[in-house]
Amino acid sequence: MKVKVLYFAALREQLGTPGEEIELPAGVGTVAALRSHLRGRGGAWELALAETKLVRAALNQDMAPPAAALQAGDEVAFFPPVTGG
Amino acid sequence: MKVSVQREDFDAGVEMRALSRDAKVGAVASFVGVVREVAMTLEHYPGMTQKALERIVEEAKGRWQVMDCTVIHRYGELAPTDQIVLVVVASAHRGDAFAACEFIMDYLKTQAPFWKKEAAGWVEARVSDDEAAGRWNGLPGTRKLG
């Protein structure tokens with residue numbers, strides 16, 4: 001199943017891309033599993049998405065917890081804690 | 001209710017007067033956030049920002065007597081003394097207007113997808129912002145905003 005993944009702010013710069021379409025491997029069915037899958041790419045991905053880093057996620061444009069389940073066609077976004085206002 | 005995410009500046013006076021035209025309104029509370037000391041660029045998540053702000057306003061309406069509300073948040077390049085954000089809440093009485101206005105700002109700080117970047121780098125989120133938003137939880141009849 002395919003999902004759209006977006007990256008914002010410092011994360012977008014560290015990863016060098018604003019987003020991509022990803023075909024999820026079997027077993028990658030949650031926001032947390034997707035993050036872990038991306039971390040497996042190594043290099044900047046491993047560093048920027050490390051478990052020690054504060055990374056927030058949104059699923060279909062709503063803030064989402066790590067356990068949120070993914071479905072085909074979903075839009076997932078990863079970003080640092082927000083700093084607006 | 002008006003929620004706007006825009007590059008352009010806003011006129012707080014105009015927005016406040018617009019919310020005091022209803023004769024039932026007895027209190028209009030407002031907050032303006034301003035750029036302090038250093039220039040910055042505000043990035044946001046276009047698809048989500050409007051929705052997140054509307055959700056925060058709806059939450060405020062569920063908690064207090066809010067007759068009308070305006071939230072304007074700017075993005076793009078901003079210089080010191082530039083206005084960043086405006087929250088205006090109209091209610092019959094000041095208690096609800098003050099509380100809802102402060103609640104909206106506190107939640108906006110932790111829930112709305114904006115990020116500030118200065119010349120020195122990305123601004124880090126502050127723990128005190130999470131604490132400010134967190135103090136609204138656990139109040140009677142309230143629930144946590146995802």
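Author: Let us begin with contacts across the sequence: in chain A, 53% of the contacts with a separation of 6 or more are between residues 24 or more positions apart. Please keep in mind that this is a predicted model.

Reader: What makes two residues, such as L24(A) and L70(A), an example of positions that are apart in sequence?

Author: L24(A) and L70(A) are 46 residues apart in sequence, and their C-alpha atoms are 9.7 Å apart in space. Leaving aside residues up to four places away in sequence, L24(A) touches M1(A), V3(A), L34(A) and L70(A). A contact requires C-beta atoms, placed from the backbone, within 7 Å.

Reader: Where does L24(A) lie, and why is L24(A) counted as partly exposed?

Author: L24(A) lies in the loop between β2 and α2 of chain A. A residue is buried at 20 or more other C-beta atoms within 10 Å and exposed at 12 or fewer. L24(A) has 18 C-beta neighbours inside 10 Å, and therefore counts as partly exposed.

Reader: What can be said of the phi angle of A9(A)?

Author: The phi of A9(A) is positive, about 55 degrees, although A9(A) is not a glycine. Most residues other than glycine have a negative phi. In chain B, E37(B) is likewise not a glycine and has a positive phi of about 70 degrees.

Reader: Is E37(B) buried or exposed, and why?

Author: E37(B) has 8 C-beta neighbours inside 10 Å, and so counts as exposed, since the limit for that class is 12 or fewer. E37(B) lies in the loop between β2 (27–34) and β3 of chain B.

Reader: Which residues of helix α2 of chain A are buried, and why are they said to line one face?

Author: In helix α2 (residues 31–39) of chain A, the buried residues are V31(A), L34(A) and R35(A). Seen down the axis of α2(A), they fall within an arc of 100 degrees, and so they line one face of the helix. In general, an α-helix has 3.6 residues a turn, so residues three or four places apart point the same way. The cover over the buried residues of α2(A) includes β3, β4 and β5 of chain A.

Reader: What makes the radius of gyration of chain A agree with that of a compact globule?

Author: For 85 residues, a compact globule would have a radius of gyration near 12 Å; chain A has 12 Å, so the two agree. The C-alpha atoms of chain A fill a box of roughly 35 × 30 × 20 Å along the principal axes. Of the 85 residues in chain A, 32% are buried.

Reader: Which order do the strands of the sheet in chain A have, and what is their pairing?

Author: Chain A has 3 helices and 5 strands, and its open sheet of 5 strands has the order β2-β1-β5-β3-β4 with mixed pairing. Two strands pair if there are at least two bridges between them. Strand β1 (residues 2–7) of chain A pairs with β2(A) in the antiparallel sense over 5 bridges, whereas β1(A) and β5(A) run parallel and are joined by 4 bridges.

Reader: How many residues of chain B are in contact with chain A?

Author: There are 23 residues of chain B in contact with 15 residues of chain A. α3(B) gives the most to this side of chain B, with 5 residues. By class, this side has 13 nonpolar, 6 polar and 4 charged residues.

How values were computed
Residues are numbered from 1 along each chain as its sequence is written. Chains are lettered from A and ligands numbered from 1 in the order in which they are written. This is a predicted model: local features need pLDDT of at least 70, side-chain atom pairs count only at pLDDT 80 or more; totals for chains, interfaces and linings use all residues. Two residues are in contact if their C-beta atoms, placed from the backbone, lie within 7 Å. Helices (H or I, at least four residues) and strands (E, at least two) are DSSP runs, numbered from the N terminus. Ala, Val, Leu, Ile, Met, Phe, Trp, Tyr, Cys and Pro count as nonpolar, Asp, Glu, Lys and Arg as charged, and the others, Gly among them, as polar. The radius of gyration is taken over C-alpha atoms; the globule rule is 2.2 Å times the number of residues to the power 0.38. The arc is that of the directions from the helix axis to the C-beta atoms.
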